[in-house]
Amino acid sequence: MTACSEEHEELAYNVFAKACPSRGTLEHVTGRWGALTLGALHEGSLRFNELRRRIDGVSEKMLSQTLHALERDGLVHREAQPTNPPRVDYELTPLGREIAGRLLALIESVEGSMDEVLAARGRYDEARGAR
């Protein structure tokens with residue numbers, strides 16, 4: 001392994017370095033659709049349309065792009081069954097399950113803090129005369 005930045009030679013990868021491949025994976029995992037896809041698949045294997053219904057608001061195109069990126073990163077496994085019509089199931093790989101677990105802890109923390117967040121937003125908006 002080589003360091004992505006001379007400044008951080010002790011790290012094999014450095015997400016703060018522009019050219020480091022870890023930055024792209026971080027974007028796939030923490031982007032809106034990536035985070036929701038990983039969270040939904042943490043519950044278990046889902047077919048494409050089940051996943052799309054679970055992730056309210058995602059378009060077919062965005063879900064497809066997200067799944068491809070997560071599959072390429074080794075976080076999602078795509079299993080195509082030779083049936084008519086074809087059946088495709090998506091599930092997390094062991095690495096995907098580990099990352100999704102950490103992500104879900106963050107999601108739960110955000111959800112648990114929403115009363116405080118909404119109160120802070122109200123104070124901020126009031127102080128600045130927002131509607």
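**Entry 1: Asn14**

I started with Asn14, which sits in the segment before α1. I kept in mind that this is a predicted model. Is Asn14 buried or exposed? Its relative accessible area is 4%, and buried means under 20%, so Asn14 is buried. I also looked up how Asn14 lies relative to Ala127, which is 113 residues away along the chain. Their C-alpha atoms are separated by 39 Å.

**Entry 2: α1 meets α2**

Next I moved on to helix α1, residues 21-30. At what angle do α1 and α2 pack? I found about 65 degrees, with the two axes 4 Å apart. Angles of 65 to 115 degrees count as roughly perpendicular, and α1 and α2 are therefore roughly perpendicular to each other.

Then I listed the residues that meet. From α1 they are His28, Val29 and Thr30, and from α2 they are Arg32, Gly34, Ala35 and Leu38. Sorted by class, this contact has three nonpolar, three polar and one charged residues.

**Entry 3: a covered helix**

I stayed with α2, which spans residues 32-41. How many of its ten residues are buried? The count is eight, which leaves the helix mostly covered. I noted their names: Trp33, Gly34, Ala35, Thr37, Leu38, Gly39, Ala40 and Leu41.

**Entry 4: α2 meets α4**

The axes of α2 and α4 come within 10 Å, crossing at roughly 75 degrees. That makes α2 roughly perpendicular to α4.

Which residues make the contact? On the α2 side I wrote down Trp33, Gly34, Thr37, Leu38 and Leu41. On the α4 side I have Met62, Leu63, Thr66, Leu67 and Leu70. By class there are seven nonpolar and three polar residues here, and no charged ones. I went back to my α1 notes, where one charged residue is part of the contact with α2.

**Entry 5: the sheet**

I turned to the strands. There is an open sheet of three, in the order β1-β3-β2, and the pairing is antiparallel. Why does β1 have a side without a neighbour in the sheet? Both β1 (46-47) and β2 (76-81) stand at the edges with a single partner strand each, so one side of each is left without a neighbour.

I also checked where α2 goes. It packs on the sheet and touches β1, β2 and β3, and its direction makes about 95 degrees with that of β3.

**Entry 6: bridges to β3**

How many bridges join β2 to β3? I found six, with β3 covering residues 87-92 and the two strands running antiparallel. Here are some of the partners I traced:

- Arg78 has Tyr90 of β3 as its bridge partner.
- Ala80 is bridged to Val88 of β3.
- Gln81 is bridged to Arg87 of β3.

Leu46 has Tyr90 as its partner in β3.

**Entry 7: the hairpin and a cis bond**

β2 and β3 are joined by a hairpin through five residues. Pro85 is found in this loop. What kind of peptide bond joins Asn84 and Pro85? It is a cis bond, with omega about 0 degrees.

**Entry 8: Arg87**

Arg87 belongs to strand β3. Its relative accessible area is 34%, and that makes Arg87 partly exposed. Leaving aside neighbours within four places in sequence, Arg87 is in contact with Arg47, Glu79, Ala80 and Gln81. I also looked at Arg121, 34 residues away along the chain, and there the C-alpha atoms are separated by 45 Å.

**Entry 9: the core**

I finished with the largest nonpolar core, which has 21 residues. Which residues have the most contacts inside it? They are Leu38, Leu41, Leu51, Leu67 and Val76. The elements giving two or more residues are α2, α3 (48-54), α4 (60-72), β3 and α5 (94-112). The largest share, five residues, comes from α2.

Last, I picked out Val76. Not counting residues up to four places away in sequence, Val76 touches Leu38, Leu41, Leu67, Leu70, Glu71, Tyr90, Glu91, Leu92 and Thr93.

Terms used:
Residues are numbered from 1 along each chain as its sequence is written. This is a predicted model: local features need pLDDT of at least 70, side-chain atom pairs count only at pLDDT 80 or more; totals for chains, interfaces and linings use all residues. Side-chain values use heavy atoms; hydrogens and water are left out. Buried means under 20% relative accessible area, exposed over 50%, partly exposed in between (1.4 Å probe, protein chains only). Two strands pair if DSSP finds at least two bridges between them. Contact means heavy atoms within 4.5 Å. Axes are lines fitted to C-alpha atoms, for helices over the stretch in contact, and angles run from 0 to 180 degrees between N-to-C directions. A nonpolar core is a set of buried Ala, Val, Leu, Ile, Met, Phe, Trp, Tyr and Cys residues joined through side-chain atoms within 4.5 Å. Angles under 35 degrees count as roughly parallel, over 145 as roughly antiparallel, 65 to 115 as roughly perpendicular and the rest as oblique. Ala, Val, Leu, Ile, Met, Phe, Trp, Tyr, Cys and Pro count as nonpolar, Asp, Glu, Lys and Arg as charged, and the others, Gly among them, as polar.
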